[in-house]
Amino acid sequence: MTELGWRHHTLIQALLSRGPLRDDQFHPIFTGLTGKNPGSHQHLFDECLLKINKALSYVQCELRGFRSQYDGRVYYGVVNNISDQQSKLGTRYSVPQIAFYKAIIEAIVQDATAQGSISNIDALNLRLENQVLTSTGSQSQGDPTHVPPALKNFSISQKEKTLDELVRDQWLTHTSDGNIGLGVRSFLDLRSYFHNNDIPSCQVCNEAGVKAELCQNESCTVRIHKYCLKKLFSKRRGERVCPSCGTEWHNVVPKAELIDEEDGLDVPTQSQAPLGPRTKKLRPSKTGGEDVVESGSSQASRPTSDLRRTTRSTAHLR
């Protein structure tokens, strides 16, 4: 087993005690411990993280980094690489709260327009019945014989409280437009989930394109993160077109932003964003005995199977 020094232990402890940290929070800790700046001593920084990850691998954990798809900043955190019944015992969330969180994640990542968020109203109108699996492995579509009372009776007020808790714990976040997006901890922990569920990836970095720009060609499936677009087009002097189909890319990043683009993520492995306004208290109404928020149509109230069938063309018509 790899022997770690006190500096390695301090870096790990900082992430465990304070939670995921932005690069401008984590790098100064490294500098304070080593006297070296990660920007000018990248190799030393990489070697340090690699050594940490070799040691953490013995307990199925990893010090991981990722670039936020909302603000483009790099974050670091320690995650558990194994998901089993024992690891689930560590959560303080109830079964209905976890089902609610999963429903929000599915609604966001399966959005064909790659907006990377869901409105508060749509989130509150999510039906937890769709998270219940039948014995055949298909979703119950709300069959009352398969739905536990705890899920059926999970009220709007309980959902509002859960949203606040998930945002506070960085599993979710408030986006700049006031919607609900994936939090730092979700991006850190759900990498394998994105891969296993075939979430479309960014053409440039190959990470899940939860919030991304889409090619204007309706028949082209290319999506690219905004910060990856900056990096891609900053290297091209000619026409800015889709790297797959050659269609002109209209969502051109301003040249001023291109200059500020940083290099790619620098987190070797062995193989908080500011919060917006709190969830608005919305007045629920009773429809067929179930709480429904009174505003517009609910994307999230559709079964998950319908979300997967959503195309970009139909999404634009909504």
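This is a predicted model: local features need pLDDT of at least 70, side-chain atom pairs count only at pLDDT 80 or more; totals for chains, interfaces and linings use all residues.
Two strands count as paired if DSSP finds at least two bridges between them. Strands (E, at least two residues) and helices (H or I, at least four) are DSSP runs, numbered from the N terminus.

Residues are numbered from 1 along each chain as its sequence is written, and side-chain values use heavy atoms, with hydrogens and water left out.

**Strand E3 and its partners**

Strand E1 (residues 21–22) pairs with E3 in the antiparallel sense, over two bridges. Here arginine 22 stands opposite tyrosine 75 in E3. E2 and E3 also run antiparallel, joined by seven bridges. Glycine 65 has tyrosine 76 as its bridge partner in E3. The hairpin of E2 and E3 has six residues between the strands, and glycine 72 takes a positive phi near 75 degrees there.

Is E3 largely enclosed or open? Five of its seven residues are buried, so E3 is largely enclosed by the rest of the structure. Buried means under 20% relative accessible area, exposed means over 50%, and partly exposed lies in between (1.4 Å probe, protein chains only).

**Rings that meet**

Rings of Phe, Tyr and Trp (its six-membered ring) pair if their centres lie within 6.5 Å; planes under 30 degrees apart count as stacked, over 60 as edge-to-face and the rest as tilted.

| Pair | Type | Centre to centre | Angle between planes |
|---|---|---|---|
| Phenylalanine 26 and tyrosine 76 | tilted | 4.8 Å | 35 degrees |
| Phenylalanine 66 and phenylalanine 187 | stacked | 5.4 Å | 25 degrees |

Phenylalanine 26 lies in helix H2 (residues 23–34) and tyrosine 76 in strand E3 (residues 74–80), so their pair ties together parts that are 50 residues apart in sequence. Phenylalanine 26 is buried, at 0% relative accessibility, and tyrosine 76 is buried at 0% too.

Phenylalanine 66 belongs to strand E2 (residues 61–67) and phenylalanine 187 to helix H8 (residues 184–189), so this pair links parts that are 121 residues apart in sequence. Both phenylalanine 66 and phenylalanine 187 are buried. They also belong to one aromatic cluster, together with Tyr70, Tyr75, Tyr193 and Phe194.

**Charges over rings**

A charge sits over a ring if NZ of Lys or CZ of Arg is within 6 Å of the ring centre and within 35 degrees of the ring normal. Arginine 67 lies over the face of tyrosine 227, at 5.7 Å from the ring centre. Arginine 92 has its charged end over the ring of tyrosine 93, 4.9 Å from the centre.
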